[in-house]
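Subject: Structure for your review

Dear colleague,

Please find below the structure that I am handing over to you.

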Amino acid sequence: MKKVAFYTLGCKLNYSETSTIARLFEQRGYSKVDFTETPDIFIINTCSVTENADKKCRKIVKEARKISPEGYVAIIGCYAQLKPREIAEIPGVDAVLGAAEKFRLLDLLDGFVRPETPQIFAGEVHRANEHFNAAYSYGDRTRTFLKVQDGCDYSCSFCTIPLARGASRSDTPENILAKAREIAESGEVREIVLTGVNTGDYGLINGERQYRFIDLIRRLDEVEGIDRFRISSIEPNLLSDEIISFVAQSKKFVPHFHIPLQSGSNKILGLMRRRYRRELYADRVTKIKELMPDCCIGVDVIVGFPGETDEDFLDTYRFLNELDVSYLHVFTYSERVNTPAATMQGRVSEKVRAERSRMLHILSDKKRRHFYEQNIGKQAVVLFENDIEDGMMHGFTENYVRVAAKYDPLLIGELKAVQMTHINDNGYMEVTEPELVFEVH
């Protein structure tokens, strides 16, 4: 029985696909092992959102070769689709598979015998549009990432995702509901996170809009055996009043939205080719907080985009500082080949990019702490995970407050109602002692 190990770089969508590919291996009789257990085969699922992600791929290949010098190394994912020949030149790589080929690697790489020269299976990205590959993560934690959509039809000037994953396409509601029920029947998962490249654009099949995201989530809300659903990320222009109102009264969809902003400057949003302006974003936040005052709102923001002056950055900083959001995911802009932004005027120096990133990370810490402080003294339901550190275990409330409690193995994978008491030195919310925690039925 050959041993296979997996390593995933990048987004939740990548994690769902890696997990699905791992199950395909296990169905064929392979043994899934950790990266350090001298595997016979390494499958590395890559990201290419930033230049740093490309460098990480090279490092992982190097480590794989140290662990198993004769092991087979295959690279899949976004980086593999964008730069297959460049990856094939990395010492130690045996095969590269693109977007349309990665789910067929067991057939394409039959036997996993190391070739004399690296094999490349990466056709034109439009071939990936012909089929939706369903995927969900399983076995890693008490929540699962369920893929409902893939690809993107937007043309943001900084982004390579349409080049790496192809056009927007979706699974049918029936297939998604079947996967959700399959996950529920395992009895081990309490929360499903809906994920995709542009999740809110759900509903396109063969280039035609056949379904709506709001109709999908309404049906998922009725699935038995799953306690929580969470939307991983949704564009502000696709986050309708209808969706917000539904989540506010939903039985299972939790009060947590992650909404990409990218810049608080309308000038920069225009250069980025984003499909909204900051006034719409502010309106979405206001609407959410009107209906769900305790809702957690996360924000993606990019610093150092070409043409971003000090005043443009301060526009973003002031906008975010005044906005009632809970945390920031800060990305430092990096030039990506074959994107319009890479050739734009007004390049921002690396030093300035780093300083702007530092400022927003500090702002994010302040926002998160303020949000946590607003929750002190309140009751919430926590899904505890197998995440143990210094005798404490962790979990998340419905509105994404990370909680710490004394370790109790019986709590793992359980939903418990707790009272939030104070924020500890690590920045986590501490709650009532486990013996005072009561089960939610």
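Against which elements do the buried residues of helix 7 pack? Before the answer, please note that this is a predicted model.

The buried residues of helix 7 pack against strand 7 (143-147), strand 10 (191-195) and helix 8 (213-220). The buried residues in question are Pro173, Ile176, Leu177, Ala180, Ile183 and Ala184. They cover an arc of only 120° around the axis, and therefore lie on the same side of helix 7. The length of this helix can also be checked: at 1.5 Å a residue, the 13 residues of helix 7 (residues 173-185) should span 18 Å, and the end C-alpha atoms are 18 Å apart, which agrees. Helix 7 is followed by Gly187, which has a positive phi near 75°.

Strand 7 and strand 10 run in the parallel sense and are joined over five bridges. Within this pairing, Arg143 has Glu191 in strand 10 as its bridge partner. Strand 7 is mostly covered, with five of its five residues buried. In a regular strand, side chains alternate between the two faces of the sheet. In strand 7, Arg143, Phe145 and Lys147 are buried on one side, while Thr144 and Leu146 are buried on the other.

One example is Ile41, whose bridge partner in strand 4 is Tyr72.

The same length check can be applied to helix 13. At 1.5 Å a residue, the 26 residues of helix 13 (residues 350-375) should span 38 Å; the end C-alpha atoms are 38 Å apart, which agrees. The buried residues of helix 13 include Arg353, Arg356, Leu360, Leu363, Phe371 and Tyr372. Just after helix 13, Gly377 takes a positive phi of about 90°.

Phe112 has a phi near 50° and is found in the loop between helix 5 (105-108) and strand 6. Is Phe112 buried or exposed? Phe112 counts as buried because its relative accessibility is 5%, and the cut-off for buried is under 20%. Gln262 has a positive phi of about 80° and is placed in strand 14 (residues 256-262). With a relative accessible area of 9%, Gln262 is buried.

Finally, some values for the whole protein. The secondary structure comes to 13 helices and 22 strands. With 441 residues, a compact globule would have a radius of gyration near 22 Å; the protein has 22 Å, which agrees. Along its principal axes, the C-alpha trace spans about 65 × 55 × 45 Å. Of the 441 residues, 55% count as buried. The protein exposes about 19500 Å², of which carbon and sulfur atoms supply 48%. Among contacts between residues at least 6 apart in sequence, 71% join residues at least 24 apart.

A colleague

Key
Residues are numbered from 1 along each chain as its sequence is written. This is a predicted model: local features need pLDDT of at least 70, side-chain atom pairs count only at pLDDT 80 or more; totals for chains, interfaces and linings use all residues. Side-chain values use heavy atoms; hydrogens and water are left out. Helices (H or I, at least four residues) and strands (E, at least two) are DSSP runs, numbered from the N terminus. The expected span of a helix is 1.5 Å times one less than its number of residues. Buried means under 20% relative accessible area, exposed over 50%, partly exposed in between (1.4 Å probe, protein chains only). The arc is that of the directions from the helix axis to the C-beta atoms. Contact means heavy atoms within 4.5 Å. The radius of gyration is taken over C-alpha atoms; the globule rule is 2.2 Å times the number of residues to the power 0.38. Accessible areas come from the Shrake-Rupley method with a 1.4 Å probe; for residues, only the protein chains shown count as cover. Two strands pair if DSSP finds at least two bridges between them.
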